[in-house]
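Subject: A structure for you to look at

Hello,

Here is the structure I promised to pass on. Please have a look at it first, and then read my notes below.

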Amino acid sequence: MGHNCREGWWLLHNKVELTVPAIIANCFVFLIGYMVFRGANKQKHIFKKSPKTPIWGKPPVVVGGKLLASGYWYGLFSHLLVSLFGFTVYGIARHCNYLGDLMLALSFCLPCGISSPVPYFYPIYLLILLIWRERRDEERCAEKYKEIWAEYLRLVPYRILPYVY
């Protein structure tokens, strides 16, 4: 059974009543997840094609000429943090696209309610898969980029979820 079939099957065989606020909240989870997933991947693609293309209207912050440190979250928070606290933030998560992907997976399951973990198999599986993949990629990048990677980690401190992981 495909991951998108499981949720439909669950809804067909279980009575789940959604309130209007729950439907609206789930739509926001989906839309924000889609924007984060597509936005982060698009930024990465544009940077690989043309490393000097501005991000959020400013030149990209690049570590060692190879690693983009002013990624997706930079533009969302930098102006607020500079004006309120006087410090600059670079990218604050190295894999924002994974967060968007997880939010999308969760939005497919939320209409099923919380009475069973069965509809949540896919986002749980995806979380495990992406954490494993992220850790594998981190090891490979540490070997490949060496000192540059250490500087990148200093500028972009979080892995997937800003201020948490």
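Before the notes, a word on surface patches: they are built from residues with over 30% relative accessible area and no salt bridge, joining like charges within 9 Å and nonpolar side chains (Val, Leu, Ile, Met, Phe, Trp, Tyr) within 5 Å. A salt bridge here is a side-chain nitrogen of Lys or Arg within 4 Å of a carboxyl oxygen of Asp or Glu. Accessible areas come from the Shrake-Rupley method with a 1.4 Å probe, and for residues only the protein chains shown count as cover.

The model is predicted, so local features need pLDDT of at least 70 and side-chain atom pairs count only at pLDDT 80 or more, while totals for chains, interfaces and linings use all residues. Residues are numbered from 1 along each chain as its sequence is written, and side-chain values use heavy atoms, leaving out hydrogens and water.

Now the overall picture. The protein has six helices and two strands, in the order α-α-β-β-α-α-α-α from the N terminus. These elements are DSSP runs numbered from the N terminus: helices are H or I with at least four residues, strands are E with at least two. Of the 165 residues, 38% are buried; buried means under 20% relative accessible area, exposed over 50%, and partly exposed in between (1.4 Å probe, protein chains only). The protein exposes about 10500 Å², and carbon and sulfur atoms supply 66% of that. Among contacts (heavy atoms within 4.5 Å) between residues at least 6 apart in sequence, 65% join residues at least 24 apart.

Back to the patch: V20, I24, F28 and I32 make a nonpolar surface patch of about 390 Å². I32 sits in helix α2, residues 20–49, and counts as partly exposed because its relative accessible area is 41%. M35 is in helix α2 too; at 52% relative accessible area, M35 is exposed. M35 and G100 are 65 residues apart in sequence, yet their C-alpha atoms are 7.3 Å apart in space.

Next, helix α5. Its 25 residues (121–145) should span 36 Å at 1.5 Å a residue, and the end C-alpha atoms are 35 Å apart, which agrees. The expected span is 1.5 Å times one less than the number of residues. Its buried residues are Y122, P123, L126, L130, E134, D137, E138 and Y145.

What follows α5? K146 does, with a positive phi near 50°. Most residues other than glycine have a negative phi. K146 lies in the loop between α5 and α6 and is exposed, with a relative accessible area of 51%.

R94 is in the loop between α3 (72–85) and α4 (96–109), and it counts as buried because its relative accessibility is 13%. Leaving aside residues up to four places away in sequence, R94 touches E138, W149, Y152, L153, V156, P157, Y158 and R159. The R94 side chain also reaches the backbone oxygen of V156 at 2.6 Å.

Finally, P162 is in the segment after α6 (147–155) and is buried, at 15% relative accessible area.

Enjoy exploring!

Key: Polar contact = N/O pair within 3.5 Å; in protein donor to acceptor, adjacent residues only side chain to side chain.
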